[in-house]
Amino acid sequence: MIRDPGDIELNKLVLMIPHARRMGFRFLEKTGDSLVIEMPYNPELEVLPRSGLMANGAITTLLDTALGAAVYDQFDAYRRIVTLDLRVDFFEKPRPFSSVTVKTRCLKVTEQIVYVQGDAFCSDDSSAIAHGVAVFSYADMEEG
Amino acid sequence: MFDFLDKLKTTPEFDQALDISPYARMMGFRLRRKDGALTTVMKYHGDLIGSPFPPSLHGGTVASLLEMTALMQLIWDTKIRHIPRTIDITIDYLRRGMPEDSFARAHVFRQGRRFATLHAEAWQSNPEKPVATAMVHFQLVD
């Protein structure tokens, strides 16, 4: 559900990332500063053929993308964003043949660092299958 | 998958695409063995890019390479006959991933009856300059 120009920008941002496009990631919505980004089920992302289970690596990549987008969304001007670290907890296997969505939360923005976290869910389930927490640094485009 | 690895274990040197997994195939993961060491390779292709200007690998692809490497090393080193469950992974990003092939190795820090802790390191053209490292915990029994 794209409601305002900022949301259109976020959708474009996701589509501008070649790997995110290849994985089929889609920006779904923004509430406050929380973003929701979806990875539709895709047999190419299965860990083993016909298992219906998307690989952990795909979930990690979805989290990294969503958390990066959440950091990007904190600023009005374009910033160069660098992941310092990322931690992913895998709570349970994804539901077979289900899409996975990540909902982000920005924890803290300092002069140089943004702390963010996100939960990954299968379709409409209420309990998370994975959780990610990341630290990003940011700089103006001119800075090194 | 275990038949696939059993066959490789009897081969002193190989360079094998991890085609048994659709995701690994999409990512371009390969498993190599040379001088007794096991290396996982992520062959560069344009779909791995996360930031077009300047072109850099998506952080998720490097994380994924590190997890796959830890998993392969754990299965290689043990007699496990099922895929262990990943409990968590912590990735430290050290350098920008260049648009080129990436390599990773892992070693088992500790293996108990129920859990294993592995450390993995990824590099590109210069093995002395790691791109990222990761700690991974696996659960060995359900």
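**Ground rules.** I am working with a predicted model, where local features need pLDDT of at least 70, side-chain atom pairs count only at pLDDT 80 or more, and totals for chains, interfaces and linings use all residues. Residues are numbered from 1 along each chain as its sequence is written, while chains are lettered from A and ligands numbered from 1 in the order in which they are written.

**Chain B overall.** I looked up the elements and found 3 helices and 9 strands in chain B. Helices (H or I, at least four residues) and strands (E, at least two) are DSSP runs, numbered from the N terminus. Read from the N terminus, the order in chain B is α-β-α-β-β-β-β-α-β-β-β-β.

Next I checked the dimensions. Along the principal axes, the C-alpha atoms of chain B fill a box of roughly 45 × 30 × 30 Å.

I then asked for burial: 37% of the 142 residues of chain B count as buried. A residue is buried if 20 or more other C-beta atoms lie within 10 Å of its own, exposed if 12 or fewer, and partly exposed in between, with C-beta atoms placed from the backbone.

**One residue in chain B.** I picked B:Ala132, which sits in strand E9 (residues 130-139) of chain B. B:Ala132 counts as buried because it has 25 C-beta neighbours inside 10 Å. Not counting residues up to four places away in sequence, B:Ala132 touches B:Val62, B:Leu66, B:Ile91, B:Asp92, B:Tyr93, B:Leu94 and B:Ala122. Contact here asks for C-beta atoms, placed from the backbone, within 7 Å.

**Where the chains meet.** Which residues make the contact? I count 28 from chain A and 26 from chain B. On the chain A side, helix H2 (18-23), helix H3 (56-72) and strand E3 (79-90) each give two or more residues. E3(A) supplies the largest share, 8 residues.

I also looked up how E3(A) is paired: it runs antiparallel to strand E6 (residues 85-93) of chain B, over 5 bridges. Pairing needs at least two DSSP bridges between two strands. Within this pair, A:Leu86 has B:Ile91 as its bridge partner in E6(B).

**Helix H3 of chain A.** H3(A) has 17 residues and spans 24 Å from first C-alpha to last, close to the 24 Å expected at 1.5 Å a residue. The expected span is 1.5 Å times one less than the number of residues. Of those 17 residues, 16 are buried.

A:Leu67 lies in this helix, and it counts as buried because it has 30 C-beta neighbours inside 10 Å. Leaving aside neighbours within four places in sequence, A:Leu67 is in contact with A:Thr104, A:Val116, A:Gly118, A:Gly132 and A:Ala134.

**The core.** Which members of the largest nonpolar core touch the most others? Of its 71 residues, they are A:Ile37, A:Ala58, A:Leu62, A:Leu63, A:Ala66 and B:Leu66. Such a core is a set of buried Ala, Val, Leu, Ile, Met, Phe, Trp, Tyr and Cys residues joined through C-beta atoms within 7 Å.

Technical notes. Contact = placed C-beta atoms within 7 Å.
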